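Hello,

Here is the structure for your files. Some notes on its aromatic side chains follow below.

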Amino acid sequence: MTVESTAAARKPRRASKRTSAAKKPQSAEPQLVQLLTPEGERVEHPDYGIDLSADELRGLYRDMVLTRRFDAEATALQRQGELGLWASLLGQEAAQIGSGRALHDDDYVFPTYREHGVAWCRGVDPTNLLGMFRGVNHGGWDPTTNNFHLYTIVIGSQTLHATGYAMGVAKDGADSAVIAYFGDGASSQGDVAESFTFSAVYNAPVVFFCQNNQWAISEPTERQTRVPLYQRAQGFGFPGVRVDGNDVLACLAVTRSALERARRGEGPTLVEAFTYRMGAHTTSDDPTKYRADEERASWEAKDPILRLRTYLEKSGHADEAFFTELEAESESLGKRVREAVRAMPDPEPMALFEHAYADGHSLVDEERAQFAAYQASFADSAEEGK
C-alpha cells in the first residue's frame, strides 16, 4: 500500500457526514387534533369543540361513502379505457368532506386535481369532473356557479391563485374566505412558499389546506422535510395546525376555525391533514414498487369511513335501514356515472382554437388554417379511395 493510499484510508469519509446530517432531528411526536379515534370513540379537544346532530353526522357519512363510490367508479372506467387518467382520493375522504362542509356558500375554493370530495360538497356534479380526464373538455363546470375553481394540474400554482384572490377579497371588504388545497409534495414547490409570504404580509383571508398523504408519488414525506409540515407556517408568521386527516369531525372543526379566523381579518392558517393515500398516485402509478403492503394495512385500520360508521352504530345515530338505503344510492350513483361518461360527445376538432385569446391572434389564425387543411386531407384521401 502506498503512502497516498494509506492517507486516503485514514481520511474521514464525507459520505458518512452527509448521511448523519440527513437524519431527522429527535423531537416529540407532533400534536394531532383528533375528535374521533380509529376505534370510533368520541373524544374531546380543548381548542376544537364540535356539536353535531344525528342528521349532520349521517350526512357526513353519506358524503364520504358516495364520494368513495364515485372515485372507485372513475378508477374502473379508466381501466376500461373510458378515461385517459384518474387521480384517486381513496383514504382521503374525511379530509375533503370535513373541510368542504366547513365552507360557506360565498367562500371560494382552489383545488388540485384530486379534490373530488370537496367538489361534491360544493355541488359540482360528479360527472362534470370526468370530462377533462376523458379529454373532451378543460373542466366541465363554471367556477363562478359553485365558487369552485377548475382543477389545477400544475403542482402548487393554485396556492398563488388563491392568495391573489384572497387579497382581492380583503380589498373588496367582503365577508368571505378562500381555501387552497395541495399535497405534501406540492409543499416543496416555490409557488407555495411565495403564497405563504404574500398571504402573511397582506394578511389575506386564506386557509392553506395541505393533505399530507405521506407520498409525493414515490417520495415519502421524510425525504421532503425535516420538520412536520404544519410547523412551516411559523417561519412565515402565521399559525399552523396538524389534524387527523382520517377524522372527519376533527377536519370539520379545525377548518371551520381557520376559516372563521380568516373572515375576522386575522390572516392565513396552514392546516396539515395527516392522512394516507391508500391507492396509487394516479392510475399510471404502481405503488407496490415503492411502499410495503404492511404500511397500507396499518392505515386501512384507520379508515375514515369505517371509524364514523362504528361511531354511528355505537351511538345509535344510524340503523341498518340507513346503511341499506345508502348502499342502494351508491349503486345508483355508480350507474349514472358510467352512463354519463360513455355518452359524453367528442368535441369538434376545431374547438381546440376557441378561447385561446379574447380578441384573436394572427399566429392562432395561421395554426387554425393549417389544422383545417390537415383535417380536410383525410376527406380527400377517402374520396380518392372510392
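By about how many helical turns are phenylalanine 371 and tyrosine 374 separated in helix α15? They are separated by about one turn, because they stand 3 residues apart in that helix, which covers residues 362-384. Please keep in mind that the model is predicted.

In total, the structure holds 24 aromatic pairs. One of them is formed by phenylalanine 322 and phenylalanine 323: the ring centres are 5.2 Å apart and the planes meet at 65°, so this pair is edge-to-face. Phenylalanine 322 has 16% relative accessibility and therefore counts as buried. Phenylalanine 323 is also buried, at 7%. The rings of phenylalanine 371 and tyrosine 374 pair as well, with centres 6.2 Å apart and planes at 35°, so they count as tilted. Phenylalanine 371 is partly exposed, its relative accessible area being 23%, and tyrosine 374 is partly exposed with 48%.

Two charged side chains sit over rings. Arginine 309 lies over the face of phenylalanine 323, 3.8 Å from the ring centre, so the buried phenylalanine 323 has a partner in phenylalanine 322 as well as this arginine. Lysine 302 places its charged end over the ring of tryptophan 299, at 4.1 Å from the centre.

Regards

Definitions and conventions:
Residues are numbered from 1 along each chain as its sequence is written. This is a predicted model: local features need pLDDT of at least 70, side-chain atom pairs count only at pLDDT 80 or more; totals for chains, interfaces and linings use all residues. Side-chain values use heavy atoms; hydrogens and water are left out. Rings of Phe, Tyr and Trp (its six-membered ring) pair if their centres lie within 6.5 Å; planes under 30 degrees apart count as stacked, over 60 as edge-to-face and the rest as tilted. Buried means under 20% relative accessible area, exposed over 50%, partly exposed in between (1.4 Å probe, protein chains only). Helices (H or I, at least four residues) and strands (E, at least two) are DSSP runs, numbered from the N terminus. A charge sits over a ring if NZ of Lys or CZ of Arg is within 6 Å of the ring centre and within 35 degrees of the ring normal.
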